[in-house]
Amino acid sequence: MPFPCGADGDPARRDASPSGARRGRALSLWLCLALVLMPGTQGSSLNCHKTCICASNIVSCSKMNLTTVPTALPLYTAVLDLSFNSIARLRAEWTTVKLLKLHNLLLSHNGMSFLSSEAFAYVGRLRYLDLSSNRLRQLDEFIFEPLRQLEVLLLYNNHISQMDRTAFSGLVSLQKLYLSQNQVSRFPLELVKEKSRPENISLLDVSANRIKVLPFPDLQALPAWIKNGLYFHSNPLVCDCALYSLLAHWHVRKLNSALDFKDDYTCVLPGAQKLTVGVFELNADYMNCSTYAEADEEAYLDQTLVLACDTRHRDMRKSWAAPGNVPVTALSNGSAVVLADGSLRIAPARAEDSGVYTCFAVSEELNETLYVTVRVHNFTLAGAGTRSTPPTPRWWAAWPAWCWCSSTCT
């Protein structure tokens with residue numbers, strides 16, 4: 001055990017000679033300094049020369065063998081990197097002052113198994129939080145509620161098996177959530193479903209978990225800009241023709257989630273052998289699922305039909321052309337009108353409204369051209385009224401009736 005810092009514990013008392021006294025005092029002083037400056041010391045103050053590297057408003061304490069967060073962090077800290085340490089528990093008192101300028105907090109690779117329910121009370125302006133590659137097992141209710149400005153949350157490669165349905169409540173600014181490589185068995189529908197999802201969510205990764213069943217009708221009803229970033233490959237999904245139809249539709253639409261990991265979408269066949277096969281093989285080799293094909297939109301005379309321009313990205317500028325490539329404008333005399341949300345309303349439907357309608361969607365990153373075929377039956381239907389297409393319209397699957405166009409299109 002190290003000698004105490006003080007006269008009573010001075011090893012010089014064991015040697016009455018002057019030279020022995022000097023050696024003892026020097027040894028005692030060295031031991032006291034070592035205890036103060038040791039990186040792993042509990043509750044140690046921030047030391048930009050020993051414990052961390054400070055570069056302007058960036059404080060990097062990565063790979064410093066820390067067991068707790070250093071105290072007395074500068075109020076101007078914008079980025080705090082505590083990755084690759086041994087901070088197993090993030091307590092409420094890890095900071096006792098509000099760090100109003102902190103927007104990036106990195107805590108990956110710490111072996112962390114505990115998050116206090118008040119751990120983020122004083123860092124409410126975080127925009128990026130990395131808790132990946134730890135040992136977290138559960139996410140309690142309202143755990144992230146103070147983080148109303150958080151945009152990116154990394155939780156992949158933990159041991160999470162339990163997530164309270166309110167765990168992500170309050171994350172109103174969340175755009176990307178990475179939950180892959182955990183032990184989640186329930187698909188978190190509340191994160192993508194209308195009225196409960198964060199308004200700007202564009203990526204949810206729940207791949208490589210333990211999810212066996214998906215809410216197919218709810219997923220089909222999602223807009224394409226959410227489906228585009230919804231990843232659930234490498235789960236032990238139960239083989240089903242509804243699963244094949246869902247992914248085949250997404251593949252036809254060239255959604256990133258279906259294209260990028262096509263070979264990683266597998267499922268387990270019914271039966272004692274529990275054989276794992278590729279989802280895209282279900283239409284031929286195994287379950288004889290019907291080959292996916294898009295259907296026309298049908299209406300009857302005098303009905304109101306609303307066609308959605310279901311693009312892969314949000315906030316795109318949209319315009320429409322009627323059959324014969326006739327632009328639909330505010331001055332058009334026909335029955336088709338472009339609505340404020342970019343959808344097309346046809347009212348009242350007439351037989352001559354049948355044909356292929358084209359939606360042109362433009363943004364700084366990408367252009368999309370989508371086609372939908374409408375058939376208006378030449379008779380009325382009792383009780384005819386407004387008929388809206390599903391949030392995801394059924395786009396014609398074969399050239400030339402269907403086309404997807406990237407930003408390279410001319």
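## Disulfides, sheet and cores of a predicted chain

A disulfide, here a pair of cysteine sulfur atoms within 2.5 Å, joins Cys309 to Cys359 with an S to S distance of 1.8 Å. The structure is a predicted model, in which local features need pLDDT of at least 70 and side-chain atom pairs count only at pLDDT 80 or more, while totals for chains, interfaces and linings use all residues. Residues are numbered from 1 along each chain as its sequence is written, and side-chain values use heavy atoms, with hydrogens and water left out.

**Disulfides**

- A search of the whole structure finds five disulfides, among them the link of Cys309 and Cys359.
- The torsion about the S-S bond of Cys309 and Cys359 is about -90°, so this disulfide is left-handed; the pair links distant parts of the chain, with Cys309 in the loop between β18 and β19 (317–322) and Cys359 in strand β23 (residues 355–362), 50 residues apart.
- Cys309 and Cys359 are both buried, where buried means under 20% relative accessible area, exposed over 50%, and partly exposed in between (1.4 Å probe, protein chains only).
- Cys239 and Cys267 form another disulfide, with sulfur atoms 2.1 Å apart, and because the torsion about their S-S bond is about 90°, the link is right-handed.
- Cys239 lies in the loop between β14 (237–238) and α4, and Cys267 in strand β15 (residues 266–268), so this pair ties together parts that are 28 residues apart in sequence; Cys239 and Cys267 are buried.
- The disulfide of Cys48 and Cys54 has an S to S distance of 1.8 Å and is left-handed, with -70° about the S-S bond; Cys48 is partly exposed at a relative accessible area of 31%, and Cys54 is partly exposed at 27%.

**Overall make-up**

- The protein chain has five helices and 25 strands, taken as DSSP runs numbered from the N terminus (helices H or I, at least four residues; strands E, at least two).
- Of its 410 residues, 45% count as buried, and the chain exposes about 21,000 Å², of which carbon and sulfur atoms supply 52%, by the Shrake-Rupley method with a 1.4 Å probe.
- Among contacts (heavy atoms within 4.5 Å) with a separation of 6 or more, residues 24 or more positions apart account for 63%.

**Strand pairing**

- Nine strands form an open sheet of mixed pairing in the order β1-β2-β3-β5-β7-β9-β11-β12-β13, two strands being paired if DSSP finds at least two bridges between them.
- The edge strands are β1 (53–55) and β13 (230–231), each pairing on one side only.
- Within this order, β9 (residues 152–154) and β11 (residues 176–178) pair in the parallel sense over three bridges, and Leu154 has Tyr178 as its bridge partner in β11.
- Strand β18 (residues 304–307) runs antiparallel to β22 (residues 344–346), joined by three bridges, with Val306 opposite Arg345.

**Nonpolar cores**

- The largest nonpolar core has 76 residues, of which Trp94, Phe144, Leu155, Phe168 and Phe232 touch the most other members; such a core is a set of buried Ala, Val, Leu, Ile, Met, Phe, Trp, Tyr and Cys residues joined through side-chain atoms within 4.5 Å.
- The elements giving two or more residues to this core are α2 (216–220), α3 (224–227) and α4 (241–252), and α4 provides the largest share, six residues.
- A second, separate core of 18 residues includes Leu344, Ile346, Ala349 and Leu370.
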